[in-house]
Amino acid sequence: MNLLRHLCILTLLLSSSPSWAISVLLVNPGKESETFWVSVSQAMAAAAKNLGMELRVVYAERDHLRMPSLLQQTLDQGPKPDYLIVVNERQMAPPLLAIAERARIPTLLALNDLTPEQVKQFGRP
């Protein structure tokens, strides 16, 4: 009986607490006001919600050179996400992937792939 009660409590905790959800960080290269990039974020947010995940989005506001520092700043502020989604906007994936690798965060490229030169550097997934 005691075991059953503990299992019920554990089930409630795991099913109701968002702190147990898988967290995903999207580094969005666009602006918060751009229809396309807002749509991308909204679609990812809907998918995350359906999967019971938490999605956090940070926008680079079309400053591709800012993307690495934005990612590092976001990671430094914590909490560290379980997964990272980045876009190879203007070929900026290498510094983003390097930051993710140092932080040991599995990363997904969205919307465009690595160039052949970048594949030589990072390999295929």
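Biologist: Where is the place of Ser23?

Modeller: Ser23 lies in strand 1, where a strand is a DSSP run of E with at least two residues and a helix a run of H or I with at least four, numbered from the N terminus. This is a predicted model, in which local features need pLDDT of at least 70 and side-chain atom pairs count only at pLDDT 80 or more, while totals for chains, interfaces and linings use all residues. Residues are numbered from 1 along each chain as its sequence is written, and side-chain values use heavy atoms, with hydrogens and water left out.

Biologist: Why does Ser23 count as buried?

Modeller: Ser23 has a relative accessibility of 18%, and buried means under 20% (exposed is over 50%, partly exposed in between, with a 1.4 Å probe and protein chains only), so Ser23 counts as buried. Contact means heavy atoms within 4.5 Å, and once neighbours within four places in sequence are left aside, Ser23 is in contact with Glu54, Lys80, Pro81, Asp82 and Tyr83.

Biologist: What makes Val27 count as buried?

Modeller: Val27, which is also placed in strand 1, has a relative accessibility of 0%, and therefore counts as buried. Not counting residues up to four places away in sequence, Val27 touches Val58, Met67, Leu71, Leu84, Ile85, Val86 and Val87. The C-alpha atoms of Val27 and Tyr59 are separated by 6.2 Å, although these two residues are 32 residues apart along the chain.

Biologist: How do you know what span is expected of helix 2?

Modeller: The expected span is 1.5 Å times one less than the number of residues. For helix 2 (residues 35-50), which has 16 residues, 22 Å is expected, and the helix reaches 22 Å from its first C-alpha to its last, which is close to that value.

Biologist: Which residues of helix 2 are buried, and what puts them where they are around the axis?

Modeller: The buried residues of helix 2 are Trp37, Val40, Ser41 and Ala48. They cover an arc of only 90° around the axis, and therefore sit on the same side of helix 2, the arc being that of the directions from the helix axis to the C-beta atoms. Thr35, Gln42, Lys49 and Asn50, on the other side of helix 2, are exposed. What covers the buried residues includes strand 1 (23-28) and strand 2 (54-59).

Biologist: Why are helix 3 and helix 4 described as they are relative to each other?

Modeller: Two packed helices are described by the angle between their axes and the distance between the axes. The axes of helix 3 (residues 67-77) and helix 4 (residues 93-103) come within 9 Å and cross at roughly 20°. Angles under 35 degrees count as roughly parallel, over 145 as roughly antiparallel, 65 to 115 as roughly perpendicular and the rest as oblique, so helix 3 and helix 4 are roughly parallel to each other. The contact involves Met67, Pro68, Leu71, Gln72 and Leu75 of helix 3, together with Pro95, Leu96, Ile99, Arg102 and Ala103 of helix 4.

Biologist: What do the buried residues of helix 4 pack against?

Modeller: They pack against helix 3, strand 3 (83-86), strand 4 (107-109) and helix 5 (116-122), and the residues concerned are Ala93, Pro94, Leu96, Leu97, Ile99 and Ala100.

Biologist: How many helices and strands does the chain have?

Modeller: The secondary structure comes to five helices and four strands, following the pattern α-β-α-β-α-β-α-β-α along the sequence. Buried residues make up 34% of the 125 residues in the chain.

Note on methods:
Axes fitted to C-alpha atoms, helices over the stretch in contact; angles between N-to-C directions.
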